[in-house]
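Here are some notes to read alongside the structure, written for someone meeting it for the first time. Take the points in order, with the model open beside you.

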Amino acid sequence: MEPRAGVKMQAFNWELWTRREQRGLTQAQLATLAGMPTQSLSRIERLLQWPSVEAQEELAAALDCDRDILFPADLRDPGHPHPLAVHP
C-alpha cells in the first residue's frame with residue numbers, strides 16, 4: 001500500500017528542518033538565503049504552506065541539496081492532490 005500524502009509531507013518537514021539544523025542555520029538565516037520571509041519558511045516547516053516551485057528551488061540551493069530530496073517528485077505532480085489538502 002502506498003503511504004498517504006500526509007506521511008510523505010511529514011518526511012519533507014523532517015528533511016527540511018534537519019538539513020537547516022545540520023548547517024547551524026536559524027529560520028531567519030535560511031529564509032534570507034532563500035529570499036523569502038521568515039514567516040513563510042516557518043509555515044513551510046510546520047506544513048501550513050506549500051512552497052512555490054521557485055521557493056522549492058531556492059530552498060534546495062540554499063541547503064546545497066537536490067530539490068527532489070526536499071520536495072519529492074510525486075508530491076510536485078500537478079495531477080496529485082495538493083499535499084496539504086490531504087487529511088489522514
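1. Helix α3 has a buried side: Ser40, Leu41, Ser42, Ile44 and Glu45 are buried there. Buried here means under 20% relative accessible area, exposed means over 50%, and partly exposed lies in between (1.4 Å probe, protein chains only). Helices are DSSP runs of H or I with at least four residues, strands are runs of E with at least two, and both are numbered from the N terminus. After α3 comes Leu47, whose phi is positive, near 65 degrees.

2. Before going further, a word on the model. It is predicted, so local features need pLDDT of at least 70 and side-chain atom pairs count only at pLDDT 80 or more, while totals for chains, interfaces and linings use all residues. Residues are numbered from 1 along each chain as its sequence is written, and side-chain values use heavy atoms, with hydrogens and water left out.

3. Now the chain as a whole. Its secondary structure comes to six helices and zero strands, in the order α-α-α-α-α-α from the N terminus. Of its 88 residues, 36% count as buried. Contact means heavy atoms within 4.5 Å; among contacts with a separation of 6 or more, 56% are between residues 24 or more positions apart. The chain exposes about 5300 Å², and carbon and sulfur atoms supply 54% of that; the areas come from the Shrake-Rupley method with a 1.4 Å probe, and for residues only the protein chains shown count as cover.

4. Back to α3 and its residue Glu45. Is Glu45 buried or exposed? Glu45 counts as buried because its relative accessibility is 6%. Not counting residues up to four places away in sequence, Glu45 touches Asn13, Leu16, Trp17, Arg20 and Gln27. With Arg20, Glu45 makes a polar contact of 2.6 Å between the two side chains. A polar contact is a pair of N or O atoms within 3.5 Å; within protein, one must be able to donate a hydrogen and the other to accept it, and residues adjacent in sequence count only if both atoms are side-chain atoms.

5. The Glu45 and Arg20 pair is also a salt bridge, with the closest N and O atoms 2.6 Å apart. The pair links distant parts of the chain, since Arg20 is in helix α1 and Glu45 in helix α3, 25 residues apart. A salt bridge is a side-chain nitrogen of Lys or Arg within 4 Å of a carboxyl oxygen of Asp or Glu. Arg20 also meets Glu21 in a salt bridge (3.3 Å, N to O). Shared partners join Arg20, Glu21 and Glu45 into one network. Arg20 is buried at 6% relative accessibility, whereas Glu21 is partly exposed at 39%.

6. How many salt bridges does a search of the whole structure find? There are four. One of them joins Glu15 and Arg19 at 2.6 Å, N to O. Both residues lie in helix α1 (residues 5-22), four residues apart, about one turn of the helix. Glu15 is partly exposed at 24% relative accessibility, while Arg19 is buried at 16%.

7. The largest nonpolar core has 16 residues, and Leu16, Leu30, Met36, Leu41, Leu59, Leu63 and Leu70 have the most contacts inside it. The elements that give two or more residues to this core are α2 (27-34), α3 (38-45) and α4 (53-62). Such a core is a set of buried Ala, Val, Leu, Ile, Met, Phe, Trp, Tyr and Cys residues joined through side-chain atoms within 4.5 Å. Take Leu63: leaving aside neighbours within four places in sequence, Leu63 is in contact with Leu16, Arg19, Arg20, Arg23, Leu25, Leu30 and Leu70.

8. Last, the aromatic pairs, of which there are two. Trp14 and Trp17 have ring centres 5.4 Å apart and planes at 35 degrees, so the pair is tilted. Rings of Phe, Tyr and Trp (its six-membered ring) pair if their centres lie within 6.5 Å; planes under 30 degrees apart count as stacked, over 60 as edge-to-face and the rest as tilted. Trp14 is exposed at 54% relative accessibility, and Trp17 is partly exposed at 34%. The rings of Trp50 and Phe71 have centres 6.0 Å apart and planes at 90 degrees, so this pair is edge-to-face. Trp50 and Phe71 are both buried.
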